[in-house]
Amino acid sequence: MNHQPVDATTATRFLPMVSVVVPIYNGEADLPELINCLLSQTYPNDRVEYLLVDNNSSDRTLSILKTSAENCPITIRPLSETQIQSSYAARNTGIRAATSEIIVFTDADCRPQPQWLDTLIQPFVNPEVVIVAGEILALPGTTLLEQHADRQETLSQKHTLNHSFRPYGQTANLAIRRIAFEKVGLFRPYLTTGGDADICWRILGENIGRLEFAPNAIVQHRHRATLQELQSQWQRYGRSNRYLHELYGVDLMREMTPKEYGYRLARWLLKEVPRDIKKALAQQATLVDLLSTPIGLFTARARTAGQRDAKLPENAKIIARL
């Protein structure tokens, strides 16, 4: 896997046809900004189609998509996936409708930067490359939890690209050659989390080609702003661990013991809090520094709970086909 930056302004321009697939569930509030980002892409409009897939939304998502398709200078194809309530099923609907050699994925609450597609597509000039992952950065956040997640780079692809089993890219910023789907199948439509790892691992396991990282192909994503949202996020990470363990035998995250939690909290209170208060008085630390340990313990407990309580549904083993 190559981690060298790809500069679309200096690299030889490579302009294959591209299909961008975005699954959307109740995305009414996100659509205006998302479509503005798509309108701002530097990739030639006549070389890209945007397949925006409504996944049985109860808000005005589908009607907004249809109106946008009629009035936008870019090619927007509104689609619907109403049979299975799953972002992976919605992505499969988009893949089946796509007309291009390269299929790109992002999400409705992501904000692709103007050179996103240009930079994400360039590594495919090498025919050995079948997967390209771009970087995911945080949108500016104001809450304590958003600032903590930004400090930890929670969303960054660098975590998934360094997975101990095999690297993978998150579908918030991922591109895959269509031929890979033809050979290994599509996403598991009934899987609720972990599908990005699963699709990448199936492709890489078949030795179809390699994965590249395009760090300058950037989408921004909003961090969770409340404890409830943060808990849900990390429980989902834990469920993903369990599902991938059952599918691939990857190691589960070790659970911290009550004694370890107690030790970490005691060390925080007796050592870190006094240290960070002194730093704060000298304007060398913030509240984010002060509360980093308890927030980290909170997310660890949530992930543990998600991993412990999850069991892979039998139908989640099904692999959809083109």
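**Notes on the sheet and the helices**

1. Strand S6 (residues 129–138) runs parallel to S8, to which nine bridges join it; Val 129 of the pairing stands opposite Arg 210 in S8. Strands here are DSSP runs of E with at least two residues, helices are runs of H or I with at least four, both numbered from the N terminus, and two strands pair if DSSP finds at least two bridges between them.

2. The model is a predicted one, in which local features need pLDDT of at least 70 and side-chain atom pairs count only at pLDDT 80 or more, whereas totals for chains, interfaces and linings use all residues. Residues are numbered from 1 along each chain as its sequence is written, and side-chain values use heavy atoms, with hydrogens and water left out.

3. The sheet as a whole is open and mixed in its pairing, with eight strands in the order S3-S2-S1-S4-S7-S6-S8-S5. Its edge strands, S3 and S5, each pair on one side only, and neighbouring strands are turned against each other by 30° on average, direction ignored (angles run from 0 to 180 degrees between N-to-C directions, and axes are lines fitted to C-alpha atoms, for helices over the stretch in contact).

4. Two of the pairings are antiparallel: S5 (residues 110–112) is joined to S8 (residues 210–221) by three bridges, with Pro 112 opposite Val 219 in S8, and S4 (residues 102–105) pairs with S7 (residues 174–177) over four bridges, with Ile 103 opposite Ile 176 in S7. Helix H8 (residues 195–205) packs on the sheet and touches S6, S7 and S8, its direction making about 150° with that of S6; contact means heavy atoms within 4.5 Å.

5. The chain passes from S2 through helix H2 (residues 61–71) to S3 in a right-handed β-α-β crossover, that is, clockwise from the first strand over the helix to the second with the strands pointing away from the viewer.

6. The axes of H9 (residues 227–248) and H12 (residues 292–309) come within 6 Å and cross at roughly 45°. That makes H9 oblique to H12, since angles under 35 degrees count as roughly parallel, over 145 as roughly antiparallel, 65 to 115 as roughly perpendicular and the rest as oblique. Residues making the contact include Trp 234 and Tyr 237 of H9 and Phe 298 and Ala 302 of H12.
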